[in-house]
2 protein chains.
Amino acid sequence: MQSFRTFLASGKTIIFDGGMGTLLQARGLAPGESPERFSLRCPNVVEQIHRDYWQAGAHVVTTNTFGGTRFKLGGDVDPVEMNRIGASLARKAVGDKGFVAGSIGPTGRMIEPLGDVTFRELVQAFEEQIRGLVQGGVDLILGETHFDLAEARAVVVAARHVCDLPVGISMTFEEGVSLTGTSPRVFLDTVENMGVDLVATNCSAGPEELLVAAKEMLAGTRTPLLVQPNAGLPELVDGKTVFRLDPEAFAVQTREFVRAGVQCVGGCCGTTPDHIRALKAETEALTPTLPEQSAHPCIVLTSRSTSLSLGFEYPSQIIGERINPTGKKDLIAQFQNGEITRALELAQEQVDMGVGALDVNVGAPMADEQELLPLLVRELASRMQTPLCIDSSDEQAVIEALNVYPGSPLVNSISGEPGKMERLGPLCRDYGAPFILLPLKKSKLPVTAAERIAIIDELVDQADSLSIPRRLILVDALALTVSSKPLAARACLDVIRYCREALGLTTVMGLSNISFGLPARELLNTHFMTMCMAAGMGAFIANPNSQRLQEALAASEVLLGRDPQAASFIDRFSDWQPKGGTLSPARKADGDVEDVGRSSI
Amino acid sequence: MQSFRTFLASGKTIIFDGGMGTLLQARGLAPGESPERFSLRCPNVVEQIHRDYWQAGAHVVTTNTFGGTRFKLGGDVDPVEMNRIGASLARKAVGDKGFVAGSIGPTGRMIEPLGDVTFRELVQAFEEQIRGLVQGGVDLILGETHFDLAEARAVVVAARHVCDLPVGISMTFEEGVSLTGTSPRVFLDTVENMGVDLVATNCSAGPEELLVAAKEMLAGTRTPLLVQPNAGLPELVDGKTVFRLDPEAFAVQTREFVRAGVQCVGGCCGTTPDHIRALKAETEALTPTLPEQSAHPCIVLTSRSTSLSLGFEYPSQIIGERINPTGKKDLIAQFQNGEITRALELAQEQVDMGVGALDVNVGAPMADEQELLPLLVRELASRMQTPLCIDSSDEQAVIEALNVYPGSPLVNSISGEPGKMERLGPLCRDYGAPFILLPLKKSKLPVTAAERIAIIDELVDQADSLSIPRRLILVDALALTVSSKPLAARACLDVIRYCREALGLTTVMGLSNISFGLPARELLNTHFMTMCMAAGMGAFIANPNSQRLQEALAASEVLLGRDPQAASFIDRFSDWQPKGGTLSPARKADGDVEDVGRSSI
Ligand SMILES: [Zn+2]
Ligand SMILES: [Zn+2]
Ligand SMILES: [Zn+2]
């Protein structure tokens, strides 16, 4: 039998199964009884439900292991064994004629600081569950009905640690966001960064309501989608939850997902083998096609609630550089005492200035980075929507920070230092964290564009060989100092163009180096930024607290056609006057020459 | 016999003849007698002098027609006939075994406003002389001992009008400049724009002193050079001018020119066939090689005293736009009265702001452009060193202005209007006037880069077929309005790159259109300029009276590596403070992060 990945790649409509809970109740699950334990008590019933779905036409049946982590099962059960049994029932039901998805629901616990468990504890619990599912013979791992982005990420990370099976992950949204504030698009961006095989939404409402969430994902996805609606909105009738959509109505409405481009459909609460049979009949003849996505490269950072795209077709962003103790006595003193209040202030100030992301660097002498960096990252993530950039040369501190961040942070950076890519690259890949590729090696400083390009090519090849996707790579164009190296800025422009045109990669840069040792550095930094924006750079690590820089950013966005109707620019600059004054002699009341081509034609 | 052009292209050292005056006096020319009239009285003597030079080894002998214009000959002689006879004597002397250069010296009259003749009168007089020289059989036209750039240009223009023979033009410099203020480099740039075959310097001093001028020309030339020194510095001995260098000393010193790359050498005052014989012996075995010149395209504007190179390897320039009546009531009123005082003020203000060139547009309703444009151009040319840009849609006005300007002005512009290139193109070619190629046709406005590039390609092909060299073509990238066409700025950037990379052409643009209809236009214009500079644009037609624009220009020059040691920038901005103020919240005393690659390696 072909693998599930091969089947997915065929592009055909794939039918998943429907609800488990209602059928279990109808066939003997006692009120309050754990559905997973029911698999031990009445294995034949569970197996028959799987078989019913398969016979109804489902290509994929889903294990009865939704609550199968140690957090839900309780201490008296071996989660591995429980999940192995759950998986093997499904396997037995469909034999080698159907696919088995190993279901993983939420643990019921929240990650710190929302709750009391750590990301690592979640990952460990999911790893345990997944080991059992794999032993029981599942074809793919399917996280279902998740409502917190961090927990959903933990499922994916755990799956990657345990096996090479395809991974699907499904979130449930109420009125456009998950319970902890994640929109379908942010969810999509985050799990696409993790390279999942299937992005999904399920439950929460009937097909009509789910279509909004599905369309939000369809607008941006390059990954196949799975949608599993309930059989209509749940209603309370005589104290019992009921779902009103009959099989035919459910199937007709769910068919619309396939028409819109969703490849995989099934049902959730209230759906039965009859719903699936009707769904199959309605969708079998359709060939779903994902909407065409922009061919322009970009990378996407996310927080729990926000996505930030960096690339030539997106507005350029300032990554606020000020949470960095270099040269800041107050920050150094606080970090040495394990305090972060000043850093939180700096974050807020920069967010108020409109930065797209915040660089977080706690690298002060005598400060415990491995303690401090995750602490600050966790606090920032819970207070602000702005995505973070984890900036440290301490690899263990980076790992600790990755484990507390709920979205896709930027890792700053992976250089050509021996072993760095091998150590940090796979971590960024599994956590879906884009990283800054820094074209520096211990040896000679790469002054020319050609020298930098050689290192970039080498590191990108290395990333390729570690299966790190290009969408996670943001190249640092490396601003050297123009006062000592007159062609430093030109070299950056060449690197930006090379990355964009030859490699399809977006670039980033710390701006301030370029002007080191010169007066009026703000002018040099600002115009350098404008040049780099036009060449295609996506983001700048800089101090946002500069009038000139903000002017340049806003004006350049208009000029690059990325501020529609110049609305943002007009909003901010309609009353602008050149406070810098004019040069003498004083400006006269000259008219402008507006006519195209002047008077020459 | 091969043509002189073919002989020149062989790259071999070419020997010209030596002085004529001393020999004529020794052989019978009476004190005060016209040397040209002596050709009628004693043709055999003149013929024998030519023969002596030829037998001494000169490849080229020069006709005894140095003072052969009607201005010097007087009204009782037919200049055509006189020059025909002079040329035929040389021809007879060398037969088809040597080349004859038709000598054309200064008229002794100065062009307005320095003197009382017009450029057209000079051209007509030279045309008359050249017709005679051609009838007498010369192989090339050689203007000699010129000291005013306008008059030298008149010789070349006249030669182009009369014949297709190769043209050489020689200027004489005293202590680094000609009598009316032209340096060897400005002379070279101006006549190279006219496409002369041979650029020369002669007379004034001996070989050692001429080497400075020759080296200044060698540093920039792509055209073969001719140097004809005197036999040392002239000295007065017993009331007579004598030249002290004997043939061997002259030959040894003159050999240095050939070693430096000068292909053609001969002698001027005080040199004799013996000097030429010695010179030939010293240089025969040498192969002169011109120094390698930059491969980067540029165009060069000149005034009588200044050269301005525009191209990616040269500082970008502002072409001051303010002498333009559009929207200026005071200027319109003056132009309607034939007055230019306000225009002269605007010129001075813009020169004080550091513009590289001045756009001159007098196109006000009811103003007589054909009268006013040459008047203003002549006045500006005599008052300022800044090269001019002749901006008019009235072709006759452009022609009148070209006739009064002493250097290589920029013509603004030649569009795709039917017949425009055919009418103005050859004029610009013959006058050595670079022009702005404006990619507009009467039909549809070319909004996309591709549409513009198609027109540019078509016009460049047309220019090629008219033998207009690329070094005269400056392409207008055509700034449309970004508020109505969001990709207008990007299209310009694409056009700039295309011109630079595919056509080897430099670009220019009027800046202000881009921001039409938007607030804070200065910001948009400024950052657009920075983007265009980085893409390779050479000049901007703009109002220099903008602090932001001046900041951008200075900063961008540093960033593009064209302000050595950032000296100009430091000079102007060492005390700069951001008068525009910072954004709230107030700037804190943050340190900078200078270390390359931050802390990540
Ligand atoms: Zn459900
Ligand atoms: Zn002389
Ligand atoms: Zn002479």
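Student: Let's start with the metal. Which protein atoms are the donors of the zinc ion (ligand 1)?

Tutor: Keep in mind that this is a predicted model. The zinc ion (ligand 1) is held by A:C203 (SG), A:N230 (OD1), A:C268 (SG) and A:C269 (SG), at 2.1 to 2.6 Å.

Student: How do I read the geometry, and what is the site of the zinc ion (ligand 1) called?

Tutor: Begin with the ideal: four tetrahedral donors would give angles of 109.5 degrees. Here the angles among the four donor atoms run from 91 to 122°, and the site is tetrahedral.

Student: What spacing do the donors of the zinc ion (ligand 1) follow along the chain?

Tutor: The pattern is C-x26-N-x37-C-C. Within it, A:C203 and A:C268 link distant parts of the chain, 65 residues apart. You'll find A:C203 in the loop between β6 (198-202) and α10 (207-218) of chain A, while A:C268 sits in the loop between β10 (264-265) and α12 (273-283) of chain A.

Student: Are A:C203 and A:C268 buried or exposed?

Tutor: Both A:C203 and A:C268 are buried.

Student: On to chain B. In what order do the eight strands close into a barrel?

Tutor: Follow β13-β14-β15-β16-β17-β18-β19-β20 of chain B, with parallel pairing. From one strand to the next, the twist averages 30°. For a close-up, take β18 (residues 473-476) and β19 (residues 506-510) of chain B: they run parallel and are joined by three bridges. B:L474 has B:T506 in β19(B) as its bridge partner.

Student: And which strands does helix α20 of chain B lie across?

Tutor: Helix α20 (residues 521-535) lies across β13 (317-323), β19 and β20 (539-542) of chain B, and runs at about 160° to β20(B).

Key: Residues numbered from 1 in each chain as written. Chains lettered and ligands numbered in written order. Predicted model: local features only at pLDDT ≥ 70, side-chain atom pairs only at ≥ 80, totals over all residues. Heavy atoms only, no water. Donors = N, O, S within 2.8 Å, 3.2 Å for Na, K, Ca; no water. Tetrahedral: all angles 85-135°; square planar, octahedral: opposite > 155°, others 65-115°. Helix = DSSP H or I, 4+ residues; strand = E, 2+ residues; numbered from the N terminus. Buried < 20%, exposed > 50% of the residue type's maximum accessible area, 1.4 Å probe, protein only. Pairing = 2+ DSSP bridges. Axes fitted to C-alpha atoms, helices over the stretch in contact; angles between N-to-C directions. Contact = heavy atoms within 4.5 Å.
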